[in-house]
Amino acid sequence: MVNTKVNLSGLTLDNPVIPASGTFGFGYEFADIYDINILGSISCKGTTKDPRFGNPTPRIAECTEGMINSVGLQNPGVDKVISEELPKLAKVYKKPIIANVSGFSIDDYAYTCEKMDAQEQVGILEVNVSCPNVHNGGMSFGTSPESAAAVTKAVKAVTKKPVYIKLSPNVTDIVSIAKACEEAGADGISLINTLLGMRIDLRTRKPVIANKMGGFSGPAIFPVAVRMVYQVYEAVNIPIIGMGGVSSARDVIEMMLAGATAVQVGAANLVDPNACPNIINDLPAVMEQYGIENLTDIIGGSHNG
């Protein structure tokens, strides 16, 4: 009998499979399709201090082996998430969740994280530093070690629960940013967020997406995600949640061998709402096929020897 359990900063997950933020709503929407308690955890829709309508439409463009989205963090704001969305999720999901938080200033991040930290359902805070810093010309917080560390320190100062910093792959040196977050007190790293992509309509000769560019996700980015998880694992001593194009149980094993303790599934949920339960159900057989008794034994296994 194989053991699929993993430990994420003190939280024991029945398995390492977590729907990624932005691809699973607030979770309860999927409860009519299957028992979502099968999931290791849920990374909820990105939450900001104030309500956001999001970007203009069209927001989605199809790609070979993936998609581009520019939703723009549409959400009702932290107060309504706490008063309306989390109670709905609590009725159908009985495990700790991962609260994904975004912001446009350091104060935004601290404010929203402090509020989410106080919620009993929340087991981990996942801080998305891919957002544009409105006080620094719109440059993403996650593009420099200094900015990422500043957000990390501010959030850690007002929270008690584990803080995972979600990093953007749109940088030249992911390792230095991950190390800066660790030094600033991060309890873990989530990576990767989407790559920057674009499609052009041949008939109109204009970008498909109203915002011109958006986040590229799906199976095509999986090798990039594996590479970055591998690099960051060698540089830090804190857990990693790996994501980016994961769509099968074999992908989960590969991501864990690269160094991930848990794995998030994103775009696959938009293609098949049963993607996560299918992966979870397939995992024991794939473990047996490759002689794996305990998943925790393979974390970072590709770095040995």
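Which residues form a nonpolar patch on the surface, and with how much accessible area together? They are Leu196, Met198, Ile200 and Met213, with about 400 Å² in total.

## About the model

This is a predicted model, in which local features need pLDDT of at least 70 and side-chain atom pairs count only at pLDDT 80 or more, while totals for chains, interfaces and linings use all residues. Residues are numbered from 1 along each chain as its sequence is written, and side-chain values use heavy atoms, with hydrogens and water left out.

## The surface patch

Let us start with that patch. Patch members are residues with over 30% relative accessible area and no salt bridge; like charges are joined within 9 Å, and nonpolar side chains (Val, Leu, Ile, Met, Phe, Trp, Tyr) within 5 Å. Accessible areas come from the Shrake-Rupley method with a 1.4 Å probe, and for residues only the protein chains shown count as cover.

Ile200, one of the patch residues, sits in strand 11. Strands here are DSSP runs of E with at least two residues, and helices are runs of H or I with at least four, numbered from the N terminus. Ile200 is partly exposed at 48% relative accessible area; buried means under 20%, exposed over 50%, and partly exposed in between (1.4 Å probe, protein chains only).

## The nonpolar core

Now to the inside. A nonpolar core is a set of buried Ala, Val, Leu, Ile, Met, Phe, Trp, Tyr and Cys residues joined through side-chain atoms within 4.5 Å. The largest one has 91 residues, and Leu167 and Leu191 touch the most other members. Helix 8 (residues 275-289) gives the largest share of this core, with 7 residues.

Leu191 has contacts (heavy atoms within 4.5 Å) with residues including Leu167, Ile174, Met228 and Val232, leaving aside those up to four places away in sequence. Leu191 also takes part in a cis peptide bond to Ile192, with omega near 15 degrees. Ile192 lies in the loop between strand 9 (188-191) and strand 10 (195-197).

## Asparagine 128

Asn128 belongs to strand 7 (residues 122-128) and is buried, with a relative accessible area of 9%. Its side chain makes polar contacts with the side chains of Ser102, at 3.3 Å, and Asn193, at 3.2 Å. A polar contact is a pair of N or O atoms within 3.5 Å; within protein, one must be able to donate a hydrogen and the other to accept it, and residues adjacent in sequence count only if both atoms are side-chain atoms.

## Salt bridges

How many salt bridges are there? The count is 4, taking a salt bridge as a side-chain nitrogen of Lys or Arg within 4 Å of a carboxyl oxygen of Asp or Glu. One of them pairs Lys95 with Asp14, the closest N and O atoms being 2.8 Å apart. These two residues are 81 residues apart and link distant parts of the chain. Lys95 is buried at 18%, whereas Asp14 is partly exposed at 35%.

Another joins Asp187 and Lys156, with the closest N and O atoms 2.8 Å apart. Asp187 is in the loop between helix 4 (174-183) and strand 9 and Lys156 is in helix 3 (residues 145-156), so the pair ties together parts 31 residues apart in sequence. Asp201 and Arg203 also meet in a salt bridge (3.6 Å, N to O), and Arg203 is exposed at 76%.

## Backbone features

A further cis peptide bond joins Thr57 and Pro58, with omega about 0 degrees. Arg205 has a positive phi near 60 degrees and is exposed, at 74% relative accessibility. Lys212 likewise has a positive phi, near 75 degrees.
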